[in-house]
Amino acid sequence: MNDKEHLEQEEIFSQVLRAGRRTYFFDVRATKAEDYYLTVTESKKFTHDDGTFHYKKHKIYLYKEDFTEFNEMLRAATDYILSEKGEEVISERHQKDFKKPSEMNDEVAGTESFTDVNFEDI
């Protein structure tokens with residue numbers, strides 16, 4: 001058994017976060033020396049035109065010596081995003097009926113070009 005097989009085999013604790021077509025896996029694993037580390041895997045589902053699908057996965061390995069700085073930087077980055085943009089999700093991928101402000105202006109402009117007809121005048 002090689003090192004990679006051993007590392008992937010020793011799963012100690014796992015959590016799953018489903019987020020639309022993305023799924024995040026947080027897995028605590030053990031090294032050969034029986035120390036723990038964290039893998040974070042993002043899995044995205046892609047559907048083909050014929051209805052078949054495949055997943056693309058991206059994985060990071062996070063070791064104990066990096067936890068403190070990683071947590072601080074993650075907290076600073078997420079706090080910045082929330083303070084600048086709030087918690088409301090405005091991405092088109094998350095809201096099917098989301099319209100860009102330019103699209104909303106086009107709709108309004110489109111109705112202004114019509115003439116208001118009063119049928120009593122005819």
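Strand E1 (residues 11–19) and strand E2 (residues 22–30) run antiparallel and are joined by 8 bridges. Strands here are DSSP runs of E with at least two residues, helices are runs of H or I with at least four, and both are numbered from the N terminus; two strands pair if DSSP finds at least two bridges between them. This is a predicted model, in which local features need pLDDT of at least 70, side-chain atom pairs count only at pLDDT 80 or more, and totals for chains, interfaces and linings use all residues. Residues are numbered from 1 along each chain as its sequence is written, and side-chain values use heavy atoms, without hydrogens and water.

The hairpin of E1 and E2 has 2 residues between the strands, and Gly20 has a positive phi near 65°.

E2 is also joined to strand E3 (residues 36–47), by 9 bridges, and these two run antiparallel. Asp27 has Thr39 in E3 as its bridge partner. The hairpin of E2 and E3 has 5 residues between the strands, with Glu34 in the turn at a positive phi of about 65°.

The largest pocket holds about 170 Å³ of space. A pocket is an open set of points on a 1 Å grid over the protein atoms alone, where a 1.4 Å probe fits, with protein on both sides within 12 Å along at least five of seven lines; lining residues have an atom within 4 Å of a point. Points are joined across faces, edges and corners, and the volume is the space filled by probe spheres set on them. Among the lining residues are Gln15, Phe26, Leu38 and Phe67. Helix H2 (67–85) gives the most, with 4 residues.
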